[in-house]
Amino acid sequence: MLTVNVELKERRYPIYIGENLLKDPSVYPLKSGDKVMIVSNETIAPLYLDTVTKTLENIGCKVSNVLLPDGEKYKTLQSLDLIFTALLKENHGRDTTLIALGGGVIGDVAGYAAASYQRGIKFIQIPTTLLAQVDSSVGGKTAVNHPLGKNMIGAFYQPITVIVDTLTLNSLPKREVNAGLAEVIKYGAILDLAFFHWLEQHIDNLVALQQADLQYCISRCCQIKADVVARDETEKGDRALLNLGHTFGHAIETHLGYGNWLHGEAVAVGMMMAAALSEQLGNISKADVGRLEKLLARANLPTISPDTMQPEDYLPHMMRDKKVLAGKLRLVLLKTLGQAYVTTDMDKSLVLSAISACTQ
Ligand code: NAD
Ligand code: MG
């Protein structure tokens, strides 16, 4: 088992990464007599809820659960209310621990429920998608969507422990695994050339879910994100680097309608656009843009714009992105592989030509 510690001023917590951790009582920060509510969904519960429940009952915890319907469209205030109702009906007090068992959607909803139920209760994350294991379960952002905007209602709220059982990825659809790899590749590209190089050597093993490589990879990603978050918990500076490819990707997701392309697929193309723009500006070399493209392709990710989208379709969406400040397009670009930076007022015609360079 690998451990990554997230160092935050007043709250430090561990991320445990390994096989069969769902069954390992030693990773749960709970004791006999503790009350626990597991939040999961109708897809994940049949696979893993019994295992987690049994482990907790063996510790001596009193365990109940609440199951949400599956999907981003249920990341809502209504789902939050379902959790609150379940907690209240069973007289859960401030000493209860909420456990999120699922992907990023479950983690985000359950996290916000934990942040707000009786002004905050203890929270444990058990992420079961690669995206949740390397990204959404690290950093303490929790939220639900509002009809007028994604992630518009939420809080920064840190878990007491994150438990990553890498065997859960065996049941995850391959397309979801690959989408998670886009965020993995992103970490190498923005901050860690040595990790990028490691990925070039091990990407086939990751696609095939080879356990040892998977565990090292997840721990490295958690460490990179944890370091960034420790420097900048509430996104005033460095945390913005984590958005490489996301402003372009956001345009793809909104233009196609959420759910048609997975987030990671849109981010993969977005990273190619950011790299193309960086190259035009005289930063990253053509050869390194080629390395990025090849790595993404080996993870079965798209590297060019969807064929139903024209270059002009991007900017209107990009200007509405929440990362835009005072009408100025802020973009994360690459100085080189492993070194990203934020621009403050990017010329729109250059942006357009970078998008065109990634359009068939
Ligand atoms: P998801 O939670 O919708 O999971 C994807 C699909 O896989 C779902 O159908 C889910 O039921 C299923 N699933 C999950 N684990 C499984 C398993 N082990 N086996 C089989 N099926 C499984 O999607 P996601 O990509 O994990 O998360 C996306 C969400 O994360 C978005 O709402 C996004 O806003 C959020 N997010 C949050 C942060 C953050 O910092 N809080 C960061 C990135 C993304
Ligand atoms: Mg992302």
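This passage goes through the fold, the ligand shell, an annotated site and a few single residues of a predicted model.

Some ground rules come before the numbers. Residues are numbered from 1 along each chain as its sequence is written, while chains are lettered from A and ligands numbered from 1 in the order in which they are written. Since the model is predicted, local features need pLDDT of at least 70 and side-chain atom pairs count only at pLDDT 80 or more, whereas totals for chains, interfaces and linings use all residues.

Starting with the overall picture, the protein has 12 helices and 11 strands; these are DSSP runs, H or I over at least four residues for helices and E over at least two for strands, numbered from the N terminus. The radius of gyration comes out at 20 Å, close to the 21 Å that the globule rule gives for 360 residues, so the protein is as compact as a globular protein of that length. (That radius is taken over C-alpha atoms, and the rule is 2.2 Å times the number of residues to the power 0.38.) Along the principal axes, the C-alpha atoms fill a box of roughly 60 × 40 × 40 Å. Buried residues account for 46% of the 360; buried takes 20 or more other C-beta atoms within 10 Å of a residue's own, exposed 12 or fewer, and partly exposed lies in between, with C-beta atoms placed from the backbone. Of the contacts (C-beta atoms, placed from the backbone, within 7 Å) between residues at least 6 apart in sequence, 74% join residues at least 24 apart.

Turning to ligand 1, 26 residues surround it, the closest being Gly 103, Gly 104, Thr 128, Thr 129 and Ser 136; to belong here, a residue needs its C-beta atom, placed from the backbone, within 6 Å of the molecule. Two or more shell residues come from each of α3 (104–116) and α4 (130–136). By class, the shell holds 7 nonpolar, 12 polar and 7 charged residues. Here Ala, Val, Leu, Ile, Met, Phe, Trp, Tyr, Cys and Pro count as nonpolar, Asp, Glu, Lys and Arg as charged, and the others, Gly among them, as polar.

Glu 176 touches Thr 129 and Leu 262, leaving aside residues up to four places away in sequence. The C-alpha atoms of Glu 176 and Thr 129 are separated by 7.4 Å, though the two are 47 residues apart along the chain. Glu 176 counts as partly exposed because it has 15 C-beta neighbours inside 10 Å.

An unreviewed UniProt entry lists a "binding site" covering Glu 183, His 246 and His 263; such annotations may be inferred rather than shown by experiment. These residues spread over 81 residues of sequence but cluster in space, with a largest C-alpha distance of 10.1 Å. Glu 183 is found in α5 and is buried, with 24 other C-beta atoms within 10 Å. His 246, in helix α8 (residues 246–256), is buried too, with 23 such atoms within 10 Å. Val 267 is among the residues touched by Glu 183, and His 246 touches Val 267 and Gly 270.

As for local backbone details, Asn 20 has a positive phi of about 60 degrees although it is not a glycine. Asn 20 is found in the loop between β2 (12–18) and β3 (35–41).

Note on methods: Two residues are in contact if their C-beta atoms, placed from the backbone, lie within 7 Å.
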